[in-house]
Amino acid sequence: MKTESNVRPDFIKVEKFGNMIEISICENIIEVEDMFQYDYLFKQSYANDYKELVQDIIRTKYSSSDEFNLINENYIERGNVKYLEYLDFRTLAKQEANKIYPKEEIENEL
């Protein structure tokens, strides 16, 4: 069942409340009769740093097994669309984590 809203949701939203971080992901957003329907993924995180938060954001959408399978599929078929989508999401996860825990000049993290 899809979640509904009269306001178009953000694809990803990461907010910190005290020591808790809420991660919301809205996928497959479609507009139906002035309403938006979407698949909603949610996770609470208590990550203490940038690396932990990146991992928690990624785990909201992909399990460890999913990641492993996508990497293997990409070795078999270079340019696999699902793998490229995963890489785009990973980049987005890093950008969102950096808003909560700005990293200190660390290149190629994770």
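Reply: Start with Thr3, whose bridge partner in strand β4 is Tyr38. Strands like this one are DSSP runs of E at least two residues long, helices are runs of H or I of at least four, and both are numbered from the N terminus. Before going on, keep in mind that this is a predicted model: local features need pLDDT of at least 70, side-chain atom pairs count only at pLDDT 80 or more, and totals for chains, interfaces and linings use all residues. Residues are numbered from 1 along each chain as its sequence is written, and side-chain values use heavy atoms, with hydrogens and water left out.

Back to that first pairing. Ser5 has a partner in β4 too, namely Phe36. Strand β1 covers residues 3-5, β4 covers residues 35-45, and three bridges join them in an antiparallel way. Two strands pair here if DSSP finds at least two bridges between them. In general, strands of a sheet pair through backbone hydrogen bonds, either parallel or antiparallel.

Now move across to strand β3, residues 20-32, which is antiparallel to β4 and joined to it by 10 bridges. The hairpin of β3 and β4 has two residues between the strands, and Glu33 takes a positive phi near 50° in it.

On to the next pair: β2 and β3 are also antiparallel, over six bridges. Glu15 is the residue standing opposite Glu22 in β3. This hairpin has two residues between its strands as well, and here Gly18 takes a positive phi near 65°.

For the angles here, axes are lines fitted to C-alpha atoms (for helices, over the stretch in contact), and angles run from 0 to 180 degrees between N-to-C directions.

What packs on the sheet? Contact means heavy atoms within 4.5 Å.

The axes of α1 and α3 come within 9 Å and cross at roughly 135°, which makes α1 oblique to α3. (Under 35 degrees is roughly parallel, over 145 roughly antiparallel, 65 to 115 roughly perpendicular, and the rest oblique.) From α1, Tyr50, Leu53, Val54, Ile57, Ile58 and Lys61 make the contact, and the α3 side includes Tyr86, Phe89, Arg90 and Ala93. By class, this contact has 10 nonpolar, one polar and four charged residues. Here Ala, Val, Leu, Ile, Met, Phe, Trp, Tyr, Cys and Pro count as nonpolar, Asp, Glu, Lys and Arg as charged, and the others, Gly among them, as polar.

Then there's α2, residues 64-76, whose axis comes within 8 Å of that of α3 (residues 81-100), the two crossing at roughly 125°. That makes α2 oblique to α3. Glu67, Leu70, Ile71 and Asn74 in α2 meet Lys82, Tyr83 and Tyr86 in α3. By class, the contact of α2 with α3 has four nonpolar, one polar and two charged residues.

Finally, zoom out to see where the sheet belongs. The protein has three helices and four strands, running β-β-β-β-α-α-α from the N terminus on. Its C-alpha atoms fill a box of roughly 45 × 40 × 20 Å along the principal axes. Of the contacts with a separation of 6 or more, 53% come from residues 24 or more positions apart.
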